[in-house]
There are 2 protein chains.
Amino acid sequence: MARHSILDILNDTLRKETLEKVRVMQFPAGQVLFSAGQNCQGLPLVLGGRIKVQMTGVSGHSIVLYRMEADDICTLSIGCLMTGRAYRAEAVVEEGAEAVMIPRGVFDRLMDQSAGFRLGIMESYGRRLDDLMLLVEEVAFRRMDQRLEEWLLGRAARGAVVITHQELAVELGTAREVVSRLLKELERRNMVRLSRGRIEVTGLLDRQHRAR
Amino acid sequence: MARHSILDILNDTLRKETLEKVRVMQFPAGQVLFSAGQNCQGLPLVLGGRIKVQMTGVSGHSIVLYRMEADDICTLSIGCLMTGRAYRAEAVVEEGAEAVMIPRGVFDRLMDQSAGFRLGIMESYGRRLDDLMLLVEEVAFRRMDQRLEEWLLGRAARGAVVITHQELAVELGTAREVVSRLLKELERRNMVRLSRGRIEVTGLLDRQHRAR
DNA sequence: GGTTGAATGTGACTTTATCACTGAAGTCAC
DNA sequence: GTGACTTCAGTGATAAAGTCACATTCAACC
């Protein structure tokens, strides 16, 4: 069954009516949920899996803006849904995802009838704005070596990640060569072990646990 | 009288009730509308003037995220208002501004009663997300000299701006020295004339009008 | 086992950031 | 008006990051 906290908030009648009008959809890894220039068909409520949202600049470079996981709402879609503008970013499924697509009419009705639903939407928007503001700061001011180390820690503290340098460059919004060189340096310092398409974190320490 | 398009959308009863419960406030240039860490007192609807929203990173550097002018809604405040989280950014009045402060209760009521109000809020959110996404791309991938030229064009095509290099650095999210050097180079090429706290644009051409 | 394409490595060079200053332009007190 | 102060701007040296061009390596597939 479709499990999403924003649906739990609804009263029984409203939830029942909603569930009758939506369908749960499965998205295999790799599938593009939407891409730049496309129009929005409905508001996705993510039930599971992982979806990354990235945009490609005029320069042709891409950067990952944020991720959606279980219980997230695709906030980006709301604006496109309501105003009819096209998406500016692209959403790609990373881990087979499951989502409910809420069509415009149902969304309007839920916004009208449920204060809880409205709160959920507003919260989601707030989080997303926060995420993006933090990203701006990170991209503008933080050093790439630190950002790389943090990414690795967040993703694979003492484990291994399967990712190419190119993909990692898109995560951080930089160039592949920069990632390659920084990783090489980390390997030289015995903090990671590199192999083709795979990075094993062996001795990275969290910044907090290190002397500054 | 308080003129804001999102108030015009309301029906007469609702508008009247709303206007009774809010007050129009004046903010002189330089005043800080809110700053990081503070809690939100209400949703500002901007009636006039100009307010810049900027954040300061852990590094101590600041960057301007976006501006609000007449008819804008301080989207950032909604999240803080609804969830009780503190502001992460700071809003500074640039040109004497006028705004209506909508308290939480009134906001809830408007969201509940007016589909038009909801649409306005959602549109505003969508625009803001778009702005921030574009900013991320700009900061991550575009060259500083181009960004500087565009800023100057957008702000003072063939006129003069009163701004220090430091302030301009915050606009672009870079260091003062970088701005100084780039400006010096533009002056050398007779595209601007520099004086203390003032930049006169004399011969900058819009990119579209130039050969690439 | 050779071919192919993707992934990674690397040198050379440019742009941007950082640091540590110097000097110049305004402001204010007296 | 002159000196003291403060803010703003200029600059050299160096480090970090981005760009370009190409070399090498690896894995997969006939």
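**Figure 1. Buried area between chain B and chain A.** About 3,800 Å² is buried between chain B and chain A, and 77% of that area lies on carbon and sulfur atoms. Three residues, B:M122, B:M133 and B:F141, account for 19% of what chain B buries against chain A, more than any other three residues. The model shown here and in the other views is predicted. In terms of contacts, 44 residues of chain B touch 44 residues of chain A.

Figure 2. Between the two chains, 6 salt bridges are counted. One salt bridge links the side chains of A:R88 and B:D130, with an N to O distance of 2.7 Å.

**Figure 3. Elements of chain B on the side that touches chain A.** At least two residues each are supplied to this side by β4 (62-68), α3 (75-83), α4 (104-113) and α5 (115-141) of chain B. The largest share comes from α5(B), with 20 residues. By residue class, the side of chain B that touches chain A holds 23 nonpolar, 9 polar and 12 charged residues.

**Figure 4. Relation of chain B to chain A.** Two copies of a chain are related by a rotation about an axis and a shift along it. Here chain B is superposed on chain A by a rotation of 180 degrees, with 0.0 Å of shift along the axis and an RMSD of 0.0 Å. This is the relation of a two-fold axis. B:V136 is the residue of chain B that comes closest to the rotation axis, its C-alpha lying at 2.6 Å. Of the interface residues of chain B, 100% are also interface residues in chain A, so the copies meet through the same surface.

**Figure 5. The open sheet β6-β8-β7 of chain B.** The sheet has 3 strands in the order β6-β8-β7, and their pairing is antiparallel. The edges are formed by β6 (160-161) and β7 (192-195) of chain B; each has a single partner strand, so one side of each is left without a neighbour in the sheet. Strand β6(B) is joined by 2 bridges to β8 (residues 198-201) of chain B, and these two strands run antiparallel. Within this part of the sheet, B:V161 has B:I199 of β8(B) as its bridge partner.

Technical notes. Residues are numbered from 1 along each chain as its sequence is written. Chains are lettered from A and ligands numbered from 1 in the order in which they are written. This is a predicted model: local features need pLDDT of at least 70, side-chain atom pairs count only at pLDDT 80 or more; totals for chains, interfaces and linings use all residues. Side-chain values use heavy atoms; hydrogens and water are left out. Contact means heavy atoms within 4.5 Å. Buried area is the accessible area (1.4 Å probe) that two parts lose on being put together, summed over both. A salt bridge is a side-chain nitrogen of Lys or Arg within 4 Å of a carboxyl oxygen of Asp or Glu. Helices (H or I, at least four residues) and strands (E, at least two) are DSSP runs, numbered from the N terminus. Ala, Val, Leu, Ile, Met, Phe, Trp, Tyr, Cys and Pro count as nonpolar, Asp, Glu, Lys and Arg as charged, and the others, Gly among them, as polar. Copies are superposed by least squares on the C-alpha atoms of residues with pLDDT of at least 70 in both. Two strands pair if DSSP finds at least two bridges between them.
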